[in-house]
Amino acid sequence: MPNGDMKVLSALDQAKTQWYHFTAIIIAGMGFFTDAYDLFCISLVTKLLGRVYYHVDGAGKPGSLPPNVASAVNGVAFCGTLAGQLFFGWLGDKLGRKKVYGLTLMLMCGCSIASGLSFGHTPTSVMTTLCFFRFWLGFGIGGDYPLSATIMSEYANKKTRGAFIAAVFAMQGFGILAGGIFAIGVSAVFEARFKAPPYQVDPVGSTVPQADFVWRIILMAGALPALLTWYWRIKMPETARYTALVANNVKQATADMSKVMQVDLEAEGPKEREASPAARAEGFGLFSKEFLRRHGLHLLGTTTTWFLLDIAYYSQNLFQKDIFSAIGWIPAAKTMNAIEEVFKIAKAQTLIALMSTVPGYWFTVFLIDRIGRFWIQLLGFSMMTAFMFALAIPYDHWTHPGNHIGFVVLYSLTFFFANFGPNATTFVVPAEIFPARLRSTCHGISAASGKLGAMVGAFGFLYLAQPQDKSKADAGYPAGIGVRNSLIVLGVVNLLGTLLTFLVPESKGKSLEEVSRENEESP
C-alpha cells in the first residue's frame, strides 16, 4: 500500500496542535540555544583572552589575540560543526533519530564545561586545549542540526509544521539573548567586587587576576540549559516516520505515537504492516540516478542557498565592532579595564539581538505557514541585497559623524530580513523535501554547506575587509579590498541567493510523503 495511506502518518498529519508538540520544540530547541549561546559568547571572550594572556608591557593598546590564534579560537568550532553535521546526519538515517540524539547533547554539555576548564602553563597551551574542546563542542552542535530539524518535521502536523521547525531554530535567538544577559551579569558582579583602573591609567592593574574566571564561567554556563533537557531527550520515542518508513515497523510506530500524542490510532492489521517498495530502506540511495532525477536540483538548491546565506550572515561580526565604536556604544579599549570591556560589548550586542535578530525569527514562526517558505526566502534575500547595496554604494556618507544612526538602522534591517528570511527557511526546507530514509543525511549535507559559507564569511572577509593601504591594515593582516568593496561583494552574494531560491520547492501545507514524493513507486 502507498505509505500515504498509513493511518499513523495521516493521523500525525491531521493531529491538532497539542502539548507534546511544544515539549518537542523545547527539547529540540535547547541544542540551538546552546549553539547560539556558545557562538555568541566567544566573541565577548576573545577580547578578554587577549588582555589576560597576550598583554605586552609598554603597549599603547590592551593585549589582543594574534590573528592566527583568533582565527583558530573562532574557527575551530565551525570545523567541528561541519564534521558533526555530516556524520550525525548520516548516522540519524542509519540508526534512527532517537538513538543518536542523546549522544550529541552529552557531547555538547561535556565540551562546554571542558572548554571553560582549559588549562596550561603558557598562553599557547591554554589556547590549544580551548581549541581542542571547542572542536568537539562544535561536533556535537553539528549533530543537532539535522537531528532536531528531522525529528520536529516528523512529529509535526502538516498545517503548522513550518512554524514548529522554525520555532526550534528560533531558540537560537533566546540563546543569543541569554548569552548577552549572563555575560552582563557576570561582568557586573566581578566589576563591583574587584575594582580596577582603566588600561591607560594602569596597564597591568586594569586586568585583575580574577578576570581569568570570567570567561571560564561564561563558557561553562552554556552547558546548563541543554543538560536540563537531557532526560526528556532520551525518553522521546523514535519518530513514527522513521519507524514506519525506514525500519518498516508500522505497529511499533502506532504504539509509540499513541503513548505521547492524543490521536485516535488503531493498530493496523497484518496486511497493512508492510510499507510500500518506494519506502523501504532498500529503495534508491543518495548517489543513485533516481535520487538525482527526483531530488538532485532540490539538494543543489538547499546547499547553495544555505552556503550563500551564511557567507553574508557570519560576515556581520566584522562590522559589528566598528559600528559599535563608531556610534559610541563602546569606548576605546584603553579607556576601560578588562571586565568593563566585556560588560560594554555584551550590552551592545544584546541590544542589537533584541532589536533585530530575535524579532526576525519570530516573524518567520508566525508567518511561514501562511506565506510559505519560498516567498519568505525570496523576500529575505531580496531585502538583504537591497540593504547591502544601500550600505555599500554611499559608504563614505555613512562614515561621517551624525550619519551613524542611519547605518545602524540599515544594518539591523539586513539581519532582521536574514532571520525573517533565508536564515530560518534554509533550516526548515531540507527537513521536509527529502524521503524519510535520506532526510537526516540531506539536511546534514545542506547544513554543512552552510557552515562552509560561515567559514568564508567569518575568515575570508576578515582579510577581505582590511583597508587597501597595507599600512592601515590591522596588525598581522595583508591589505584587503576595504569595507565598501566587501559590502558590494556581499550584495552580489545575496543576489545569487535570491536567484538560487527558485530551485527550492514549496512545501507549505503538504504532507512529508507528498512533498518528498515518497508515495511514488520507483520505476
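Contact, as the term is used here, means that heavy atoms lie within 4.5 Å of one another. In this predicted model, helix α7, which spans residues 211–221, is mostly covered, with 8 of its 11 residues buried. These buried residues are Ala211, Asp212, Val214, Trp215, Arg216, Ile218, Leu219 and Ala221. The elements that cover them include α2, α4 (97–116), α5 (123–155), α6, α8 (223–228) and α14.

Side chains of opposite charge can pair when their charged atoms come close. The structure as a whole holds 13 salt bridges. One of them joins Asp38 to Arg134, whose closest N and O atoms are 2.9 Å apart. This pair links distant parts of the chain, since Asp38 is in helix α2 and Arg134 is in helix α5, 96 residues apart. Asp38 counts as buried because its relative accessible area is 5%, under the 20% limit. Arg134 is likewise buried, with a value of 0%.

A further salt bridge is formed by the side chains of Arg439 and Glu154, at 2.6 Å from N to O. Here too, distant parts of the chain are linked: Arg439 lies in helix α19 (residues 436–464) and Glu154 in helix α5, 285 residues apart. Arg439 is buried, with a relative accessible area of 0%, and Glu154 is buried with a value of 0%. Together with Asp93 and Arg97, these two residues are linked in a network of salt bridges.

A search of the whole structure for disulfides returned 0. For Cys111, the nearest cysteine sulfur is that of Cys109, 9.6 Å away; a disulfide would require the two sulfur atoms to be within 2.5 Å. Cys111 is buried, at 9% relative accessible area, and Cys41 is also buried, at 0% relative accessibility.

The second largest pocket has a volume of about 300 Å³. Its lining comprises 15 residues, of which Phe22, Ala163, Phe164, Val365 and Phe366 lie nearest the centre of the pocket. Helices α2 (19–53), α6 (161–193) and α14 (338–371) each supply at least two lining residues, and the largest share, 5 residues, comes from α14. By class, the lining consists of 10 nonpolar, 2 polar and 3 charged residues.

Technical notes: Residues numbered from 1 in each chain as written. Predicted model: local features only at pLDDT ≥ 70, side-chain atom pairs only at ≥ 80, totals over all residues. Heavy atoms only, no water. 1 Å grid on protein atoms, 1.4 Å probe; cavity = no way out; pocket = protein on both sides within 12 Å on 5 of 7 lines; lining within 4 Å. Points joined across faces, edges and corners; volume = space filled by probe spheres on them. Helix = DSSP H or I, 4+ residues; strand = E, 2+ residues; numbered from the N terminus. Nonpolar A, V, L, I, M, F, W, Y, C, P; charged D, E, K, R; others polar. Buried < 20%, exposed > 50% of the residue type's maximum accessible area, 1.4 Å probe, protein only. Salt bridge = Lys/Arg side-chain N within 4 Å of Asp/Glu carboxyl O.
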